[in-house]
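Work through the exercises below with the sequence and the coordinates at hand. Each task is followed by a stepwise solution.

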Amino acid sequence: MFDYLANPTRFMRLARLLVAPLSVLSALLILAGLYYGLLASPPDYQQGDTVRIMYVHVPAAWLASLGYVAMGACGLFYIVWRHPLADIALRAMAPVGAMFAFLTLVTGALWGKPMWGAWWVWDARLTSMLILLFFYVAVIALANAFDTAERGSRPAAILALVGLINVPIVKFSVDWWNTLHQPASLLRSGGVSIDPAMLTPLLLMLAGMHLFFAIVVILRMQAMLAERRIAALHIRNMAREGGA
Amino acid sequence: MSVFLEMGGYGGFIWPCYILTLGGMVWIAVSSWRRAKAAAARLAELGMEKG
């Protein structure tokens, strides 16, 4: 499967087929999630209506972390096999993951103010998420810091791999340290601890937003592949003109 | 309607979360789609086979 998709031409062909149906499915899931999240689910007995922030905050946080894991895996593939598609996938994921890390921090602050009485605390979960955002920004900066894209690929891949160490810290910070941020409610040893009325919109938003992430990454990869082909064509034309 | 918008007194915190998240998602999706479309058009213009 990986070998099949690692061919840029096959990837482009498959991507063209997948984008439209996946976009429709993602939009439907998100619309259903918004309906249940804003209209059909009850307020929490302690948090009141601020629980509705969870339906966008949690998917954004998952995407920021899982996006980074996927980016780190691409970094590893690029370092080991030097496959250009891994570099393109890494570059495509970085801005999308950075946006979701930023949204996680902003929506978390908007929940924290009414619930904790503070926009920000130097809590282990919040701080590790901020560090994750910094890693995303650093990968983007390093990938684009050189005259040619190829020169920035290896340093960016190495940095993406180094940053992977922060992902388990983000996930387990609430268990390892005494934090203000609540512990995990979905992925925990004792099973899901959320009422089904609130779990439904959360799962719908998680599914819809994860699909959305995949679609945007595919679109960005399509754009970058086409841009690289254009650049290669320009170089070939210039070489031909120079030789003539 | 106003009860819905007030969100139990937390509307000022809840609505910005949804507006920022959905706004950010629309922005990155549209910009990525436009970039892919423009690159594909340029590639076609240069006479290369798509895909």
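**Exercise 1: the interface**

In this predicted model, the contact takes 25 residues from chain B and 32 residues from chain A. Task: state how the residues on the side of chain B that touches chain A divide by class.

Solution. Step 1: 18 of the chain B residues at this contact are nonpolar. Step 2: five are polar and two are charged.

**Exercise 2: the form of chain B**

Task: determine whether chain B is spread out or a compact globule.

Solution. Step 1: chain B contains two helices and zero strands. Step 2: for 51 residues the globule rule gives 10 Å, whereas the radius of gyration of chain B is 20 Å, well over that value, so chain B is more spread out than a compact globule. Step 3: the C-alpha trace of chain B spans about 60 × 15 × 15 Å along its principal axes. Step 4: of the 51 residues in chain B, 16% are buried.

**Exercise 3: a helix pair in chain A**

Task: describe how helix H4 (residues 84-116) and helix H5 (residues 124-143) of chain A pack.

Solution. Step 1: the axes of the two helices are 9 Å apart and form an angle of about 150°. Step 2: angles over 145 degrees count as roughly antiparallel, and H4(A) and H5(A) are therefore roughly antiparallel to each other. Step 3: the crossing of H4(A) and H5(A) is left-handed. Step 4: H4(A) contributes residues including Ala94(A), Ala98(A), Phe102(A) and Leu105(A), and H5(A) contributes residues including Met129(A), Leu133(A), Tyr136(A) and Ile140(A). Step 5: by class, this contact of H4(A) with H5(A) has 16 nonpolar, three polar and one charged residues.

Terms used: Residues numbered from 1 in each chain as written. Chains lettered and ligands numbered in written order. Predicted model: local features only at pLDDT ≥ 70, side-chain atom pairs only at ≥ 80, totals over all residues. Helix = DSSP H or I, 4+ residues; strand = E, 2+ residues; numbered from the N terminus. Rg over C-alpha atoms; globule rule 2.2 N^0.38 Å. Buried ≥ 20, exposed ≤ 12 C-beta atoms within 10 Å, placed from the backbone. Axes fitted to C-alpha atoms, helices over the stretch in contact; angles between N-to-C directions. Parallel < 35°, antiparallel > 145°, perpendicular 65-115°, else oblique. Left-handed = near helix turned anticlockwise from the far one by under 90°. Contact = placed C-beta atoms within 7 Å. Nonpolar A, V, L, I, M, F, W, Y, C, P; charged D, E, K, R; others polar.
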